[in-house]
Amino acid sequence: MIEAKNIDFYYGNFQALKNISMKIEPKTVTAFIGPSGCGKSTFLRIFNRMNDLIKDTQMEGECLINGQNIYDKSINIDNLRKDVGMVFQKPNPFPKSIFENVAYGLRVNNMGDKSFIGQRVEESLKDAALWDEVKDKLNKSAYELSGGQQQRLCIARALAVKPSIILMDEPASALDPISTSKIEELIHNLKNQYTIVIVTHNMQQAARVSDNTGFFMLGELIEYSNTKKMFLNPEKETTQNYITGRFG
Amino acid sequence: MNKKVSQNIAFFIFKFFGVLVIGILFSIIGFIGYNGIQVISWEFLTEFPKEGMTSGGIFPAIVGTFYLVVGSLIFAFPLGVMSAIYTTEYAGKGWIVRIIRIMTNNLASIPSIVFGLFGMALFVNKLNFGDSILAGSLTLGLLVLPLIIRTSEEALLAVPQSYREGSLALGATKLQTIRRIVLPAAFGNIITGLILSIGRVSGETAPILFTVAAYFLPKLPSGIFDQAMALPYHLYVLATSGTDLEASRPMAYGTALVLILIVLIMNLIASFFRKKL
């Protein structure tokens, strides 16, 4: 369960998020939509504190994950990021073998011995629907894979450390339609085990994969509700205009 | 004048100067190669100088240069790579880093004789190492430190930020990210910098002049507090202050050729590494 309370976020003097509050239920898929620069990716990166890496930023408000304020001083950020996995917009496998890419999270977190790692790598690749395509070339470089395969590898890499939440920042925007539909199918299957939050530019994608949708504009959360309701019968006119493609 | 004519004239001028520069370089190398190859033999590479340096070989100078290269890089390589890691991975983009960068660049353009003088004052006299491989290595190490820092920084900066983000997002610490992802990815380019430094160190004369180099030694150095002969200084000696300059001239060409070959081979290895990555 993720609970954001009154979050403000600043890049220097620019306020990117304005007083955003939101609750995300476990084992659901939540989509963030909105025009470029609306703050949806910034908000996503609040949940695993990736914004900490950017200089000269400031955050106010609280973000609770399972009741714990993740911005509390006592929080271990590495443990937080292990529990809140992330898949990035552009596939970013490490310049290592396919096997080592998936094993990486297990190794840096000291999770298990050799046989356990081998087993987790296989499970994760199966969960990411990539196993059959790579099982004979686990020691080949990850960069021999296609873009779509690389992205599924990055998903497998995130799954390997058993997070409870997976953040996806436009995971299919750099992929062709077939790879995209594979990723969407994957998201659908992963929902049983993980809480998934996905940022997307593609409204059809949001409608297809998500249970709930948040619509952001100019740093504000305009509307947040059940996806079906949002797309069939939005409350606000701005939302209506955006999803019918009148601007964006 | 029509466009085509002016274009042809421009190309001709570029081509002329291009060929001229390459021609000058090749004639230098050719001249040394032609004169040097005539004295190079197995004996030349493996024997001590004989008869007032008019015959024999340059073995002790080769060995000395080897010691100086190894000694200086043992000191400068880890130090340079670590400071590059600090400036690129930890220090951010503030004014401290800017000052460090400016200083590093300044350091790189200080004449090498100044390093020699500094090395003599600090290592030879103040720290009392005497004229020794240790003092010479440290002086040469200081000289190549900026080169190593700069090439390592460039190597680290060339590692995509997305690798770092991917690693941190999996719960890796910053140190783990640097050790397991960033450094391996930058390795090839860092090694390129190392090899270029080998070329630089083996060719420098001024820094070793007051800190280690010996005119002639009858035996090889046996420890880091011994003096050593070195190729560039030996070349200087052969060309200016032998017992019989005319007679030792061929030996000088041979020495120069060996030195050039070492630097050339190092640069070739470096460009091989760079191409591979």
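## The loop around A:Pro26

In chain A of this predicted model, A:Pro26 sits in the loop that links strand β2 (14–24) to strand β3 (29–33), where strands are DSSP runs of E with at least two residues, numbered from the N terminus. A:Pro26 has a relative accessibility of 41% and therefore counts as partly exposed, a class that falls between buried, under 20% relative accessible area, and exposed, over 50%, with a 1.4 Å probe and protein chains only.

If the neighbours within four places in sequence are set aside, A:Pro26 is in contact with A:Met1 and A:Thr195, contact being heavy atoms within 4.5 Å. A:Ile155, which is 129 residues away from A:Pro26 in sequence, lies 19 Å away in space, C-alpha to C-alpha.

## An open sheet in chain A

Strand β3 of chain A also belongs to an open sheet of six strands, in the order β6-β7-β8-β3-β9-β10, with mixed pairing; two strands pair if DSSP finds at least two bridges between them. At the edges of this sheet are β6 (84–87) and β10 (220–226) of chain A, each of which pairs on one side only. On average, neighbouring strands of the sheet are turned by 15° against each other, direction ignored, the axes being lines fitted to C-alpha atoms and angles running from 0 to 180 degrees between N-to-C directions.

Within chain A, strands β7 (residues 165–169) and β8 (residues 195–199) run parallel and are joined by five bridges. In this part of the sheet, A:Asp169 stands opposite A:Val199 of β8(A).

## Cysteines

Over all chains the structure holds zero disulfides, a disulfide being a pair of cysteine sulfur atoms within 2.5 Å. For A:Cys63, the closest cysteine sulfur is that of A:Cys38, and because the two sulfurs are 17 Å apart, they are too far for a bond. A:Cys63 is buried, with a relative accessible area of 0%, and A:Cys154 is buried too, at 2%.

## Where chains A and B meet

The contact between the chains takes 25 residues from chain A and 17 residues from chain B. About 1,700 Å² is buried between them, with carbon and sulfur atoms giving 61% of this area; buried area is the accessible area (1.4 Å probe) that two parts lose on being put together, summed over both.

One salt bridge is found across this interface, a salt bridge being a side-chain nitrogen of Lys or Arg within 4 Å of a carboxyl oxygen of Asp or Glu. B:Glu165 forms a salt bridge with A:Arg45, their closest N and O atoms being 3.2 Å apart.

## How to read the values

Residues are numbered from 1 along each chain as its sequence is written, chains are lettered from A and ligands numbered from 1 in the order in which they are written, and side-chain values use heavy atoms, leaving out hydrogens and water. In this predicted model, local features need pLDDT of at least 70 and side-chain atom pairs count only at pLDDT 80 or more, whereas totals for chains, interfaces and linings use all residues.

Note on methods. Helix = DSSP H or I, 4+ residues; strand = E, 2+ residues; numbered from the N terminus.
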